[in-house]
Amino acid sequence: MKNRIISLILAGIIAVGTAGAVSAEDVPERAKGVAFNAESGYVASTYTGTLNGAAWGTTTAGDLIAALENSVGVEVRRGDAALAAAEILKYGDKVVLTAEDGTVKSSFDVKFMGDANSDSKVNLSDASKMLQKIAKWEVTIDEMSADVDGNAAVNLSDVSKLLQVLAKWDVDFVKNPVIPGKVDVTFKQEVKFNSATAKDSLTNTGIWDGFAHYDLGVKFVVGEGDYATKISAHCPSYAENTGSLTFSVYKWAGDYESTIASMPIVSNRFVDYKDNATLIMDLSDTAGNGLAEGEYLWRVHEGSDPDGNGVGIYFYSEKAPAAGTGFETFLNKKSFNIGPDAGVYIYSAK
């Protein structure tokens, strides 16, 4: 009888434990990047390293977390401490994604457009500070936050728009600012994404992306003092002049999956382009600057052709970028020895 009672108790414990257990499949996957729902209005810019679109005095840490496509591993921090959901955001807070071991995978500084003096408020004090800066007084402002019209310069048009917003006119600040200041550059070279020589020839067919939906990528490096201004690629549409391809460029985040999980710096959709066209993607921001020093990923994806013949990009078989260039090619998200007929244009600061 005693053994029966013990058995019943153990069975009850096991049953309760089973009911509350979570299988490995039920554990949510950790976020691969900081990505917000499009309708939220928040923009995590990999180009500027900032979180934009938050409203001063009202947006909370919980608002940001709730707007994420995947919040697992993402938190809002002030210094080294995570903010409670109800905490109102301040200038300089960070949206941080960590790996399972606690290392930071990506981080974005919270900024409020119009907050020129960086006090987490947008008011007449900011307009006054901007006017002082324009008049060349010895003052310091956050030029990115002050450039409320997004034209890569702080001038009287920004002050005018700030005053209109404060007066509750029906105008808005730019949601995705650029880094102010134009750099004078001169052409340096076109760097090809393959190690082919003049004697090499293209394969007879390109990477076909009609129904197979190939995902092609090239990790490339921009050196110190250099700027990448455009990428060109030789792309067939197989005699039809129909079909579409998307080119996207991302800030490299350590591996392919993590990189493409973030918001691209720039993305272009080429629709019904001519067969064998050279498609050119402009990498310049509104200031006319290209991508500055760093590691990036160029991606060709989302191929589509309603007529079924496909779209693609020509390549050199087994002619991946030469060792030592810092370039690496990928096919279907895996490292692959392939040399796409494409290249990046590099300019140097004068």
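Select strand E10 and strand E20 (residues 342-349), which run antiparallel and are joined by seven bridges; strands are DSSP runs of at least two residues, numbered from the N terminus, and two of them pair if DSSP finds at least two bridges between them. This is a predicted model, in which local features need pLDDT of at least 70, side-chain atom pairs count only at pLDDT 80 or more, and totals for chains, interfaces and linings use all residues. Residues are numbered from 1 along each chain as its sequence is written, and side-chain values use heavy atoms, with hydrogens and water left out.

Within this pairing, aspartate 226 stands opposite serine 348 in E20. Eight of the 10 residues of E10 (residues 226-235) are buried, so the strand is largely enclosed by the rest of the structure; buried means under 20% relative accessible area, with a 1.4 Å probe and protein chains only.

Phenylalanine 193 and phenylalanine 327 form an edge-to-face pair, 5.5 Å centre to centre with 75° between the planes, and the two residues are 134 residues apart. Phenylalanine 193 is buried, with a relative accessible area of 0%, and phenylalanine 327 counts as buried at 13%.

Note on methods. Buried means under 20% relative accessible area, exposed over 50%, partly exposed in between (1.4 Å probe, protein chains only). Helices (H or I, at least four residues) and strands (E, at least two) are DSSP runs, numbered from the N terminus. Rings of Phe, Tyr and Trp (its six-membered ring) pair if their centres lie within 6.5 Å; planes under 30 degrees apart count as stacked, over 60 as edge-to-face and the rest as tilted.
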